[in-house]
Amino acid sequence: MSENGHPHDHDYRVGEGMEVTLHFTVKLEDGEVVDSTRDKQPATFQLGDGNLPPGFEAPLKGMAANDTGAFEISPEHAFGQHNPQNVQRLSRDAFEEAVEPGTVMSFADAAGGELPGVIASVDERHVEVDFNHPLAGRTLTFEVEILDVKPVTTH
């Protein structure tokens with residue numbers, strides 16, 4: 001029993017209405033780490049709150065505190081397939097500064113929000129910008145260590 005008289009929280013399992021605290025590492029096919037909480041604060045989120053793509057949430061369901069796992073997430077369940085229609089040719093005149101392939105820049109989308117794009121290629125008159133998520137088309141390995149699972153508290 002914990003000090004407030006309730007059974008210990010580790011009886012809870014990941015599911016709807018649960019708040020999950022975990023450490024995670026996301027790796028590419030070759031083992032390169034693209035994101036990790038290992039060297040910083042663990043991540044806390046509510047299942048279904050949109051912080052994690054559904055493909056990352058699904059394998060966590062049913063896990064409890066102290067559980068660990070490694071899951072392969074296909075592009076469809078991670079950040080989507082690479083969509084050629086998301087690569088735009090823009091006039092080089094639209095860029096005030098010199099641009100180089102591989103540079104990530106922020107663009108305004110139709111709604112006025114920010115949209116990151118990666119410069120794909122540059123020639124004398126045009127700049128190709130790839131607006132696909134940088135991890136689109138990649139199969140990712142999602143390694144997790146569940147630290148805590150508890151019901152979401154609404155204040």
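I started with the largest pocket, which holds about 170 Å³ of space. A pocket here is an open set of points on a 1 Å grid over the protein atoms alone, where a 1.4 Å probe fits, with protein on both sides within 12 Å along at least five of seven lines. The volume is the space filled by probe spheres set on the points, which are joined across faces, edges and corners.

I noted that this is a predicted model, where local features need pLDDT of at least 70, side-chain atom pairs count only at pLDDT 80 or more, and totals for chains, interfaces and linings use all residues. Residues are numbered from 1 along each chain as its sequence is written, and side-chain values use heavy atoms, with hydrogens and water left out.

Next I looked up the lining (residues with an atom within 4 Å of a point). Among the lining residues are Phe24, Val26, Val34, Asp35 and Phe142. The elements giving two or more residues to this lining are β1 (18–27) and β2 (33–36); strands are DSSP runs of E, at least two residues long, numbered from the N terminus.

Then I followed those two strands. β1 and β2 run antiparallel, joined by 3 bridges; pairing takes at least two DSSP bridges. Threonine 25 faces serine 36 in β2. The two strands form a hairpin with 5 residues between them, and glycine 31 in the turn has a positive phi of about 90°.

Last, I checked the outline. Along its principal axes, the C-alpha trace of the protein chain spans about 70 × 35 × 25 Å.

Definitions and conventions
Helix = DSSP H or I, 4+ residues; strand = E, 2+ residues; numbered from the N terminus.
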